[in-house]
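Here's a quick briefing to read alongside the sequence and the 3D view. Have both open as you go.

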Amino acid sequence: MLRLINTFPSIFLMIFSIFILKESIDMPKPIIGLVGVFVSPGFFPVLLSISLLLLSVRLFLRELKLSNPKGLNMKSILKSIELKRWMILALATALYIYLFDKFYFSILTFIYLIFLFLFLKTESLSILKIIISALIATFVISYIIPLVFEMPLPFG
Amino acid sequence: MEELITQWYYFFSEIVRLILSPSIIGGMLAGALIGYTVGILPGLTAVMGMSLLLGFCFKLPYDVGFALLIGIYTGAMHTGGITSILINIPGTPAAAATTLDGFPLAKKGKAREAVGAVIMASAVGEILSVFILLVALPLFAMVALKFGDWEIFLFCVMGILVVGALSGRDPVKGWIAGVLGLFIATIGLENIYAYSRFTFGILELEKGIGFVPALIGLFGLTEIFMVLKERIPYKIIGERGFARIDLSIVKKYFVTILRSTLIGLWIGFIPGVGESVSPWIAYDMAKRSSKNREEFGKGCIEGVVAAEVADNTTLAGALIPTLIFGVPGSGPTAVILAALFIYGIRPGPLLLIEKPTFLATIAALIFLSSIVCFIVASLLSRYAITILTLPREIILPIAAALCVLGTWGSQFTVFDIWIMFIFGIIGCLMRIGGFPIPPMVLGILIGGITDLHLRRALVQHSTDLFGLITRPAGLAIIVLLLLMLYYGRKVGRGKD
C-alpha cells in the first residue's frame with residue numbers, strides 16, 4: 001500500500017505530461033516542412049512534455065521497485081496536527097486574499113493577524129501583547145508601506 | 001585589459017556616487033537591518049526576505065532596489081552564524097558549518113570572540129570576492145560574446161540539469177521540478193507568433209505567469225507555511241555583550257581566508273550548489289591544512305573563519321553565470337535575476353556593452369553593503385539574543401500579509417495574489433514530496449529565453465542540423481556541463 005502511495009506524484013505527473021503533449025501537438029504549424037515544426041508554438045512544450053513523461057516514468061518505476069519504501073505515510077499525515085495547522089493557515093490566507101478587494105484592507109489585515117496570532121499563540125504571549133502587535137503591524141502594512149511605496153489599495 | 005581598467009575606474013566612481021546618495025545608503029541600511037533580523041531568526045532565510053521585498057522594488061530606482069536586496073543578503077549572511085554560535089542552530093542554512101566550532105567556543109565562554117570572528121570574516125570575504133569578481137566577470141563576458149542562439153540555449157539546459165541534479169538529494173525529482181518550471185514559463189502569449197499557449201480562455205494568463213508572484217509564493221509563502229505548521233521551541237543560552245572584533249585574525253588566518261574565498265567563488269559559479277555547500281568544503285580544506293587540526297570541532301576560531309568567508313563569497317561567484325548567461329547560480333541570485341527583469345535589464349554577454357557601469361554598480365553595492373553590515377552587525381551584536389527571543393508566531397503572520405501586499409504592488413491585480421498563493425501551496429507540496437524548489441524557480445526565470453533561442457537556432461540551421469550540433473563553443477559547453485555534473489555530485493556527496 002505504502003509503495004502505491006509513493007507512486008501518486010509520478011502517476012499524476014505522467015497524466016499531466018500526456019495532457020500537455022496532446023495540447024502542444026494540437027498547436028498550429030504556420031509554415032509547411034521542418035522549419036514549420038521548429039517555429040510552431042507547440043515545439044518547445046512538446047519537448048518539455050516528452051522529457052517530463054520520461055522522468056515521471058523513471059520515478060514511477062524506481063518508487064515501485066523500492067524494497068523498503070519510506071516517505072509518505074497517508075494515515076499519519078491525515079491524522080497529524082501539522083496538517084490541520086497547515087490547512088487552517090492556508091484557508092485563512094485564502095480568505096484574506098478573497099476579501100482583499102472587497103473589504104477595508106486595514107480592518108481585514110487586523111482581523112487576519114489577530115486570528116493567526118491567537119491560533120498560533122504560545123503560552124508566553126499575552127492577549128495584550130497580541131493586540132498591540134496586531135495594531136502596530138496593521139498600521140505599518142496598511143498605511144506606512146502603501147504611503148512610502150505610493151501603492152494604491154483596492155478598497156480602503 | 002582596457003575593459004578591466006575601465007571597470008575598475010567605474011567601480012571607484014560608483015562607490016563615490018553611492019556614498020553620496022542618501023536614498024541608496026538608506027536602502028542598504030534598511031536591507032541590512034532586515035537581513036540581520038532574517039539571518040538571526042532560525043527558519044527565516046535570506047532568499048525569503050529578498051523575495052518578500054521584491055514586490056516593493058518596482059517603486060524604487062534600480063540602484064536603490066538592488067541596494068535593498070543586496071543589503072538583505074549580506075545582512076543575513078553576516079549574522080546567520082551568530083545563532084550557530086549562541087544556540088547551536090544555524091540562522092540560515094549557509095551558516096550550518098559555523099556550528100562545528102562556533103558553539104564549542106560559546107560553551108568555553110568565548111561567544112563574543114566567535115561572534116566577532118563571524119562579523120570580521122564575513123566582511124573580509126565579501127570585499128575580497130568583489131575584487132576578484134571585477135577581474136573575472138569581464139573576462140567571462142568576452143568569452144560569452146562568441147555565443148550564438150544555440151550556445152545560449154545549451155547554457156540554459158546546463159543550468160536546469162546542474163541545478164536539478166545538485167539542489168536536492170534526488171536528481172530525477174530536481175529535473176522534474178526544472179522541467180515543470182520551464183513549462184510554467186510557456187504559459188501565455190509566446191514570443192514569435194504571439195500564440196496563446198495553455199491559457200484555457202483565462203484572459204489574465206495571456207501575459208504569462210509573473211516572476212514576482214511565483215517567487216514570493218515559492219520562496220516566501222511556502223517557508224511561512226512550512227515553519228508555522230510546526231512548533232519547535234528553542235532555548236536561549238548565549239551571553240550578552242558586544243562582539244569582540246579582532247582585526248589581527250585577517251593577518252593570522254590570511255591563507256585560510258584566501259583559500260575559502262576561492263572555494264566560495266568557485267562553488268558559487270556552479271549553478272545550484274550555492275552557499276549551503278561552500279562553507280563545508282572550506283571548513284574541510286582548512287582542517288586538512290591547518291597546524292591546529294586537532295582543535296577543529298572543539299572550538300577553533302580558524303574553523304569559524306573558514307566557514308564564514310566561504311559562505312559570504314559565494315554570492316560573487318554566483319553572480320557570474322547570473323549576469324553573463326542569465327542562469328542564476330543560487331537562490332539569492334535567482335531573486336536578483338528576477339529584479340533585473342523587473343528593471344528591464346537584460347542579462348547576457350552584451351550587458352557590459354549595453355549598460356557599461358552595471359557590474360561596477362553591483363560590485364560597489366556589495367562592497368559598501370559589506371561595510372554597512374559590518375557596522376550594523378557589530379553594533380547590534382549585543383541585542384542578538386533579544387532579537388532571537390522574538391516569537392516566530394508574531395513575525396511570520398506579518399510576513400504572510402506582506403507577501404500579499406508585495407504581490408499586489410507588482411502589478412496591482414488580485415489575480416497575481418492568487419497566483420502567489422497557488423505557488424505557495426505548490427511549494428509546500430513539493431517540499432513534502434521531496435522535490436527541490438530552486439530548479440522550478442530557475443525554469444520559470446529562463447523558460448522564455450530557452451524557448452526563443454532554441455527555435456531561432458534551429459530555424460537558422462534548418463538545412464544543416466549536424467553543423468549546429470558540432471559548433472565548437474557548443475561542444476565546449478557540453479564538456480563543461482559533464483564536468484560540472486561530475487564534480488558537483490562529488491561535492492554534494494561530500495556535504496552529505
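How many of the residues of α16(B) are buried? The count is 19 out of 23, so α16(B) is mostly covered. Keep in mind that this is a predicted model. For the complex, the predictor reports an ipTM of 0.91 and a pTM of 0.78.

**Chain A on its own**

- Chain A is built from eight helices and has zero strands.
- Read from the N terminus, its elements simply go α-α-α-α-α-α-α-α.
- Chain A has 156 residues, and 26% of them are buried.
- Take the contacts in chain A between residues at least 6 apart in sequence: 66% of them link residues at least 24 apart.

**Where the two chains meet**

- On the chain A side, 50 residues are in contact with 42 residues of chain B.
- Several helices of chain A each put at least two residues into the side that touches chain B, among them α2 (8-25), α3 (34-39) and α4 (43-65).
- Also on that list are α6 (81-98), α7 (105-120) and α8 (127-148) of chain A.
- The largest share of this side of chain A is the 10 residues that come from α4(A).
- By residue type, the side of chain A that touches chain B has 36 nonpolar, seven polar and seven charged residues.

**Chain B overall**

- Chain B contains 22 helices and two strands.
- Of the 496 residues in chain B, 62% are buried.
- Counting contacts in chain B with a separation of 6 or more, 79% are between residues 24 or more positions apart.
- On confidence, chain B has a mean pLDDT of 81, with 88% of its residues at 70 or more.

- Helix α18 of chain B covers residues 392-411, which makes 20 residues.
- At 1.5 Å a residue α18(B) should span 28 Å, and its end C-alpha atoms sit 29 Å apart, so the two figures agree.
- For α18(B), 18 of the 20 residues are buried, so the helix is largely enclosed by the rest of the structure.

- Phe412(B) sits in the loop between α18 and α19 (414-433) of chain B.
- Is Phe412(B) buried or partly exposed? Phe412(B) counts as partly exposed, because it has 13 other C-beta atoms within 10 Å, and a buried residue would need 20 or more.
- Phe198(B) is another residue other than glycine with a positive phi, in this case near 50°.
- You'll find Phe198(B) in the loop between β2 (196-197) and α9 (211-228) of chain B.
- Phe198(B) is partly exposed as well, with 18 other C-beta atoms within 10 Å.

Definitions and conventions: Residues numbered from 1 in each chain as written. Chains lettered and ligands numbered in written order. Predicted model: local features only at pLDDT ≥ 70, side-chain atom pairs only at ≥ 80, totals over all residues. Contact = placed C-beta atoms within 7 Å. Helix = DSSP H or I, 4+ residues; strand = E, 2+ residues; numbered from the N terminus. Nonpolar A, V, L, I, M, F, W, Y, C, P; charged D, E, K, R; others polar. Buried ≥ 20, exposed ≤ 12 C-beta atoms within 10 Å, placed from the backbone. Expected span 1.5 Å × (residues − 1). pLDDT = per-residue confidence, 0-100.
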